[in-house]
Amino acid sequence: MYFKQKSNVIFRTYESFGYITDNRNFGYKKADDNESHIGDKILSESGAVFLSVLGRQAQTLDELAIKIHKQFSDVDIKTIKDDAIEFYSILERDGFIVSGESLQECEEKDIGFSYKSLEPETEERDFISTIRYPEKSTQDFLEEHFNGKPQLTSLHIEVISKCNERCVHCYIPHETKTSYIEPDLFYEILKQCKDMKLLHLTLSGGEPMLHRSFCDFLRKCREYDFSVNVLSNLTLLNDEIIVEMKKNPLLGVQVSLYSMDPHIHDEITQTQGSFEKTRTAILRLIENDIPLQISCPIMKQNKGCYDKVIKWARDHGVYAGDDYIIIARYNHTTQNLGCRLSISEIKEIIKDKTASDPKYLEQIEIEADKNKNIKPDDFVCSVCDSSICIADNGNVYPCAGWQDYVVGNIKNTSLIDIWENSEKVQYLRNLRKRDFPRCIQCSDKEFCTMCMVRNANENPQGDPLAVNEYFCDIAKINKEMVFERK
């Protein structure tokens, strides 16, 4: 009998337990996604040993038993085999591993992501819990185990600031797009991430494919078994990159497509011919079954045609998201906001969305209901709670877009030291809703999402506590529209 870990699963071992999860928190879904995700599990210390010997390549039970025996030398091989079969059967029914009578059968059962139509699964899985503490959620378990100390699970790395497009709405000033990360620094960051049990990496720029070592970066991420998202305009996609992307079943790509009208798209990127290159590259990724998500920011230039991008994506089985949230540049200049929709234009967009999707306002109301119990001691957002960002020069900052709030530099201080001891990180973690008294008292607060980078970038002094009136007005519109619907 052969066993192997499924290709879309991430596993990490800690001192006294193991953690296994599918890629649902980081991977991209198809337009018709049925949300049938595997989930995640906390495993006991012995369970973690049994799972740790499994890899991406199928192995026989005898091979696995010998490896397990090295950790439990006082237990006979037959007992180990019996326990392994029982434990692996549970994990297989839960969807984390596959087994087969041959190597080929194992590989055939490990069905990966595909845009091609597949026969629906007819066999119902008999879910048997492998959770060590079933009464706790995974997040609660981790927080309790680490005494409430935030765990870094996701890192955003800007491998290059240079870009071959000049998008009118970009929050990075084009004159600062001049440098790239040294490969040795990137590899050192990855090593530190592995030591910290990191799960996910986002690679971006600038345009990351401009970096001469981009394929080597992808290769090393795969070797370290990281889930990877690549943020790219895809205009430089080539055969070598596609081959490497296909090798990592935990990799996904996010690309912006602004319009199906080439002139409008190219007007936004300020790069002639960019639409055709991006559209062609998207189709190549679909053809190669590489998970993809399209982003379509709505602005003055494309407000009348953004919906055609959504339809085109849906027709190709790709999930596409759109929103009208444009933030100021990180150096507090606001020229890029000239393309941002006015409040009246946003109201028209919401009306259009409601007309085409009756559930649009219903979803806003559902989210508002979740916010009804906001308390002064609640956290402002998840900033520096599970993720952080690193620029190509080594600067570390809280989240994408907030690049002038440097909390450390990876060249001088280790990532774990910055994460645990930076005074600026501690300041952000200690902020609570009560630090925004105006927001706590606002009658529209349920329809609003506090975001400190929106505040900081648009404020001349970079103050994250200075409430941004523009987003207050959006919250008011959402509330009005929901009540009008009722």
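Tutor: Helices (DSSP runs of H or I, at least four residues) and strands (DSSP runs of E, at least two) are numbered from the N terminus. Valine 383 is found in the loop between helix 13 (360-370) and strand 13 (387-390). This is a predicted model, in which local features need pLDDT of at least 70 and side-chain atom pairs count only at pLDDT 80 or more, while totals for chains, interfaces and linings use all residues. Residues are numbered from 1 along each chain as its sequence is written, and side-chain values use heavy atoms, with hydrogens and water left out.

Student: Why does valine 383 count as buried?

Tutor: Buried means under 20% relative accessible area, exposed over 50%, and partly exposed in between, with a 1.4 Å probe and protein chains only. Valine 383 has 11% relative accessibility, so it counts as buried.

Student: Which residues is valine 383 in contact with, leaving aside its neighbours within four places in sequence?

Tutor: Contact means heavy atoms within 4.5 Å. By that rule valine 383 touches Pro398, Leu428 and Met452. Valine 383 and alanine 456 are 73 residues apart in sequence and 13 Å apart in space, C-alpha to C-alpha.

Student: What makes strand 8 mostly covered?

Tutor: Strand 8 (residues 200-204) has five residues, and five of them are buried. His200, Thr202 and Ser204 point one way, Leu201 and Leu203 the other way, and all are buried.

Student: How do you know that strand 7 and strand 8 pair, and in which sense?

Tutor: Two strands pair if DSSP finds at least two bridges between them. Strand 7 (residues 154-158) and strand 8 have five bridges, in the parallel sense.

Student: How many bridges does strand 1 have with strand 5, and how many with strand 6?

Tutor: Strand 1 (residues 2-5) has two bridges with strand 5 (residues 59-60), and the sense is antiparallel. Two bridges meet the requirement of at least two, so this counts as a pair. With strand 6 (residues 97-100), strand 1 has four bridges, also antiparallel. Tyrosine 2 stands opposite threonine 60 in strand 5. Lysine 4 has valine 98 of strand 6 as its bridge partner, and glutamine 5 stands opposite isoleucine 97.

Student: In what order do these strands form a sheet?

Tutor: The order is 5-1-6, in an open sheet with antiparallel pairing. Strand 5 and strand 6 stand at the edges with a single partner strand each, so one side of each has no neighbour in the sheet.

Student: What lies across strand 1 and strand 6?

Tutor: Helix 3 does, running at about 115° to strand 6. Such angles run from 0 to 180 degrees between N-to-C directions, and the axes are lines fitted to C-alpha atoms, for helices over the stretch in contact.

Student: How does the reach of helix 3 compare with the expected span?

Tutor: The expected span is 1.5 Å times one less than the number of residues. Helix 3 (residues 77-94) has 18 residues and reaches 25 Å from first C-alpha to last, close to the expected 26 Å.

Student: Why are the buried residues of helix 3 said to be on the same side?

Tutor: The buried ones are Ile80, Ala84, Phe87, Tyr88, Ile90, Leu91 and Asp94. They cover an arc of only 155° around the axis, which puts them on the same side of helix 3. The arc is that of the directions from the helix axis to the C-beta atoms. On the other side, Lys78 and Glu86 are exposed. The buried residues pack against strand 1, strand 4, helix 1, helix 2 (61-71) and strand 6.

Student: What makes aspartate 76 a cap of helix 3?

Tutor: A polar contact is a pair of N or O atoms within 3.5 Å; within protein, one must be able to donate a hydrogen and the other to accept it, and residues adjacent in sequence count only if both atoms are side-chain atoms. A side-chain oxygen of aspartate 76 lies 3.2 Å from the backbone nitrogen of lysine 78, at the N-terminal end of helix 3. The distance of 3.2 Å is within the limit of 3.5 Å. Just after helix 3, glycine 95 takes a positive phi of about 95°.
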